[in-house]
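This report covers the ligand shell, the aromatic pairs and some backbone features of one protein model. The structure comes first.

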Amino acid sequence: MKKSSAAKSIQDLQFFGEFGGVNPSISDSSTYTFLSAQSMADTFEGKGEGCYLYSRHTSPSGLYLSEALAKMEATESAHVFASGMGAITSVILQLCKAGDHIVSSRTVYGGTYAFMKNFTPKFQIESNFVDITDLNSVENAIQKNTKVLYCETVSNPLMEVANIQALSKIAQKHKVTLVVDNTFTPLILRPKELGADVVIHSLTKFINGSSDTVGGAVCASEEFINALKDVNDGAAMLLGQTLDSLRASSVLKNLRTLPIRMKQHSANALYLANAFQELGFRVIYPGLEKAKSHEIMKNQMDKNIGFGGLFCLDLGSLEKANLFMEMLQHKNLGYLAVSLGFYKTLFSAPGSSTSSEIAEEEQATMGLSEGLVRFSIGLDYAIEDTFNEMKKCLEILDIKPSNVLI
Ligand code: PLP
């Protein structure tokens with residue numbers, strides 16, 4: 001299948017401001033006037049072409065960003081949310097009602113997992129969690145009442161790569177909606193072109209890239225986006241997870257540099273993943289030739305960008321992981337912080353932070369060992385120097401690969 005370039009679609013954007021400015025004007029209104037009472041009534045019935053009714057529904061700044069994200073993901077339409085979780089929860093509640101069922105990858109962001117495991121059962125929506133790389137177990141988990149097949153392109157934190165084309169065939173066969181969270185790999189993979197129905201992003205991460213904003217997006221068909229925004233039963237409209245205009249316009253400005261940032265994050269991560277692997281450590285990164293996910297990733301990705309900015313390094317125990325992370329921060333090689341996609345390297349031990357919602361025994365079955373550290377590699381100018389500094393920290397702390405229990 002010929003894939004188009006998501007990076008180019010961003011460059012092709014052309015928006016002018018109200019007064020010819022090179023940036024679109026920021027809409028500073030929660031509500032809008034109508035020139036006639038009839039056009040107000042029409043707008044509430046979804047017929048008012050070009051009219052805004054209220055900013056919880058749509059704002060001009062939100063629409064500019066949505067349009068850009070729809071282009072990036074090659075979907076008909078998009079809608080922006082106050083957070084990635086706002087997007088995820090709205091999509092699930094839009095697609096499922098009481099009595100429905102979800103099949104989800106067992107390695108997803110901890111908040112997503114907690115929502116499906118603990119929250120939706122209150123509304124009689126049950127979920128089964130499967131190894132998304134085992135297509136037989138995915139298909140076997142689908143029941144008559146399954147409505148959603150849910151995964152992340154590259155999973156958080158274990159970096160398992162979903163075979164979206166194969167999952168899409170299963171989804172179509174059983175008439176379920178394939179929902180893919182593409183937060184880890186914007187521009188690298190375009191899930192819609194590989195067969196996904198709904199694509200989700202946490203804008204908080206790479207897309208915004210400056211760790212100053214929380215936001216989310218759903219990219220999908222016009223029909224689905226309109227359903228989300230419906231004034232009578234749309235989850236986006238009724239749950240009210242709206243992205244503020246000021247934030248929407250700042251994310252749009254940051255989106256323009258995403259192609260160069262993703263390339264640099266990816267090149268730096270590939271360098272470090274190889275270097276730590278050469279030292280003998282267990283490293284999980286789809287860019288490594290020996291990685292289980294390497295071939296699937298290569299078949300689906302835009303090779304001009306790279307394999308993404310995240311990898312996991314196993315330090316053998318939580319104690320060693322904590323000492324290493326504290327020393328890296330002390331030496332100003334990054335921050336001991338959750339989240340990803342920042343100019344500076346961010347690191348955390350997912351087992352006791354972003355994935356702590358997952359029970360310990362489940363963590364063990366899925367290979368989430370306690371000494372695993374997730375790195376979101378920054379935009380470091382001289383990555384060789386960064387590696388040498390990191391290696392010195394390992395030496396000072398006497399952390400050796402031979403100490404690592406795999
Ligand atoms: N999806 C993934 C893959 C994430 O890593 C996160 C947060 O870490 C989210 C969704 C949730 O996004 P937000 O924090 O913007 O609500």
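The shell around the ligand is made up of five nonpolar, seven polar and three charged residues. In this classification Ala, Val, Leu, Ile, Met, Phe, Trp, Tyr, Cys and Pro are nonpolar, Asp, Glu, Lys and Arg are charged, and the others, Gly among them, are polar. The model is predicted: local features need pLDDT of at least 70, side-chain atom pairs count only at pLDDT 80 or more, and totals for chains, interfaces and linings use all residues. Residues are numbered from 1 along each chain as its sequence is written, and side-chain values use heavy atoms, with hydrogens and water left out.

**Ligand**

In total, 15 residues surround the ligand, and the closest are Met85, Asp181, Ser202, Thr204 and Lys205. Helices (H or I, at least four residues) and strands (E, at least two) are DSSP runs, numbered from the N terminus.

| Residue | Distance |
|---|---|
| Asparagine 156 | 2.9 Å |
| Threonine 204 | 2.6 Å |
| Lysine 205 | 2.6 Å |

On its own the ligand has 390 Å² of accessible area, and the protein covers 90% of that. Accessible areas come from the Shrake-Rupley method with a 1.4 Å probe; for residues, only the protein chains shown count as cover.

Lysine 205 is placed in the loop between β6 (198-202) and β7 (216-220). At 17% relative accessibility, lysine 205 counts as buried (buried is under 20% relative accessible area, exposed over 50%, partly exposed in between, with a 1.4 Å probe and protein chains only). The charged end of lysine 205 also sits over the ring of tyrosine 109, 5.9 Å from its centre; the criterion is NZ of Lys or CZ of Arg within 6 Å of the ring centre and within 35 degrees of the ring normal.

**Aromatic pairs**

There are 12 aromatic pairs in the structure. Rings of Phe, Tyr and Trp (its six-membered ring) pair if their centres lie within 6.5 Å; planes under 30 degrees apart count as stacked, over 60 as edge-to-face and the rest as tilted. Phenylalanine 115 and phenylalanine 119 are stacked because their ring centres are 5.3 Å apart and their planes are at 20°. Both lie in helix α5 (residues 110-119), four residues apart, about one turn of the helix. Phenylalanine 115 is buried at 7% relative accessible area, whereas phenylalanine 119 is partly exposed at 35%.

Phenylalanine 347 and phenylalanine 375 form a tilted pair, 5.7 Å centre to centre with 55° between the planes. This pair links distant parts of the chain, 28 residues apart: phenylalanine 347 is in strand β11 (residues 346-348) and phenylalanine 375 in strand β12 (residues 372-376). Both phenylalanine 347 and phenylalanine 375 are buried. They belong to a cluster linked by ring pairs, together with Phe276, Tyr285, Phe307, Phe311 and Phe387.

**Backbone**

Most residues other than glycine have a negative phi, and most peptide bonds are trans. The peptide bond from asparagine 156 to proline 157 is cis, with omega near 5°, and proline 157 is in the loop between β4 and α7. Alanine 74 has a positive phi near 55° and is partly exposed, at 32% relative accessible area. Leucine 187 has a positive phi of about 75° and is buried, at 2% relative accessibility.

How values were computed: Near = heavy atom within 4 Å. Polar contact = N/O pair within 3.5 Å; in protein donor to acceptor, adjacent residues only side chain to side chain.
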